[in-house]
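Trainee: I am new to this structure and would like to go through it step by step. Please show it to me.

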Amino acid sequence: MNDEIKQISALIGHQQAQEKRVAALIDEFQRESALLSSQTAELAQVISGLDSASG
């Protein structure tokens, strides 16, 4: 029984570590996504300006 409790405890600890890692990855993805959106908007403005200048 004691070994089973240790195994369960280890599994819970591993699960919690995985959850923290996934949460960190989600946060990182959201930051990168926001940056990409900002850069896409900036690029669209540059392209629009180039179109206006050449048109």
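**Questions on a predicted model**

Mentor: At 44% relative accessibility, Ser38 counts as partly exposed. Keep in mind that this is a predicted model.

Trainee: In which helix is Ser38 placed?

Mentor: The protein chain has one helix and zero strands. Ser38 has its place in that element, helix H1.

Trainee: How far is Ser38 from Gln15, C-alpha to C-alpha?

Mentor: Along the chain, Ser38 and Gln15 are 23 residues apart.

Trainee: Is Asp27 buried, partly exposed or exposed?

Mentor: Asp27 lies in helix H1. Buried would require under 20% relative accessible area, and exposed would require over 50%. Asp27 has 40% relative accessibility, so the class is partly exposed.

Trainee: What distance in space separates Asp27 and Ser48?

Mentor: In sequence, Asp27 and Ser48 are 21 residues apart. From C-alpha to C-alpha, the distance is 32 Å.

Trainee: What radius of gyration does the protein chain have?

Mentor: The C-alpha atoms fill a box of roughly 80 × 10 × 5 Å along the principal axes. For a compact globule of 55 residues, the radius of gyration would be near 10 Å. The protein chain instead has 24 Å.

Trainee: What share of the residues counts as buried?

Mentor: The protein chain exposes about 5,100 Å², of which carbon and sulfur atoms supply 59%. A buried residue would need under 20% relative accessible area. Among the 55 residues, the share that counts as buried is 0%.

Trainee: Which residues form a nonpolar patch on the surface?

Mentor: Val46 is one of them, and Val46 is found in helix H1, residues 2-54. A patch residue must have over 30% relative accessible area. Val46 is partly exposed because its relative accessible area is 46%. With about 370 Å² of accessible area together, the patch is formed by Leu43, Val46, Ile47 and Leu50.

Trainee: How far apart are the mean positions of the positive and negative charges?

Mentor: The protein chain has 4 positive and 8 negative charges.

Technical notes: Residues are numbered from 1 along each chain as its sequence is written. This is a predicted model: local features need pLDDT of at least 70, side-chain atom pairs count only at pLDDT 80 or more; totals for chains, interfaces and linings use all residues. Side-chain values use heavy atoms; hydrogens and water are left out. Patches are made of residues with over 30% relative accessible area and no salt bridge: like charges are joined within 9 Å, nonpolar side chains (Val, Leu, Ile, Met, Phe, Trp, Tyr) within 5 Å. Accessible areas come from the Shrake-Rupley method with a 1.4 Å probe; for residues, only the protein chains shown count as cover. A salt bridge is a side-chain nitrogen of Lys or Arg within 4 Å of a carboxyl oxygen of Asp or Glu. Helices (H or I, at least four residues) and strands (E, at least two) are DSSP runs, numbered from the N terminus. Buried means under 20% relative accessible area, exposed over 50%, partly exposed in between (1.4 Å probe, protein chains only). The radius of gyration is taken over C-alpha atoms; the globule rule is 2.2 Å times the number of residues to the power 0.38. Lys and Arg count as positive and Asp and Glu as negative; His and the chain ends are not counted. The place of a charge is taken as NZ of Lys, CZ of Arg, CG of Asp or CD of Glu.
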